[in-house]
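Subject: A structure for you to look at

Hi there,

Here is the structure I promised you. Have a look at it first, and then read my notes below.

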Amino acid sequence: MPANDAKNQEIINLLIKSYNAEIETVMNYLANGVNLEGIRADHIKDSLMADVEEELGHAKRLAKRIHTLGGVVPGSQKLNWTQEGMQPRQDTTDLPAIISGVIKAEEDAIAGYEEIIEVCDGVDFVTQDLAIELLADEQEHRRQFIGYLREFEK
Ligand SMILES: [Fe+2]
Ligand SMILES: [Fe+2]
């Protein structure tokens, strides 16, 4: 356990922020994983649907950690929704728009885990270890979608 209550609360708040982002990612990857259409859409859809499971797995691990540290896992009314770039488009064949939204969501997730890693340093190694693992996953997701975007930039 962290050395003092204020630090512990700071870590819980950051975990909740990342939990919120993971849950929003699940919603938006699921929606776009169904909505997208067109000849080149199938691969992106499969990739988004596979990530829905992974991001839900992240949310579960964050929730458990919040509980272990003495925090309360929030419900929907305590969460904020901010992923503008991931909102489904009127044009369901606009793959680059959604791919760019995914890259932004992954970058935000990466920034969140990097912050947790720094705040936990020397204080809470278990949370730090979790954040390092999730950070690695998000970096892989980001790289995958950067590759998809390349194809559209030719
Ligand atoms: Fe995630
Ligand atoms: Fe991700």
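**How the helices pack**

Helices α1 and α3 pass each other in a left-handed crossing. This comes from a predicted model, so please keep that in mind as you read on. The axes of α1 and α3 come within 10 Å and cross at roughly 165 degrees. An angle over 145 degrees counts as roughly antiparallel, and α1 and α3 are therefore roughly antiparallel to each other.

Who takes part in this contact? On the α1 side, the residues include I11, L14, L15, S18 and A21, and on the α3 side they include A105, A109, G112, Y113 and I116. The residues of this contact divide into eleven nonpolar, four polar and four charged.

Now try α3 by itself. This helix covers residues 95-120, 26 residues, and spans 37 Å from its first C-alpha to its last, close to the 38 Å expected at 1.5 Å a residue. Which of the residues of α3 are buried? Among them are L95, I98, V102, A105, E106, A109 and C120. The cover over the buried residues of α3 includes α1, α2 and α4. Just after α3, look for G122, which has a positive phi of about 75 degrees.

The other pair to find is α2 (residues 41-68) and α4 (residues 125-152), which pack at an angle of about 165 degrees with their axes 11 Å apart. That makes α2 roughly antiparallel to α4. The crossing of α2 with α4 is left-handed. Residues of α2 including I44, D51 and R65 meet residues of α4 including L130, H141 and Y148. The residues of this contact divide into four nonpolar, five polar and five charged.

Happy exploring!

Key: Residues numbered from 1 in each chain as written. Chains lettered and ligands numbered in written order. Predicted model: local features only at pLDDT ≥ 70, side-chain atom pairs only at ≥ 80, totals over all residues. Axes fitted to C-alpha atoms, helices over the stretch in contact; angles between N-to-C directions. Helix = DSSP H or I, 4+ residues; strand = E, 2+ residues; numbered from the N terminus. Parallel < 35°, antiparallel > 145°, perpendicular 65-115°, else oblique. Left-handed = near helix turned anticlockwise from the far one by under 90°. Contact = placed C-beta atoms within 7 Å. Nonpolar A, V, L, I, M, F, W, Y, C, P; charged D, E, K, R; others polar. Expected span 1.5 Å × (residues − 1). Buried ≥ 20, exposed ≤ 12 C-beta atoms within 10 Å, placed from the backbone.
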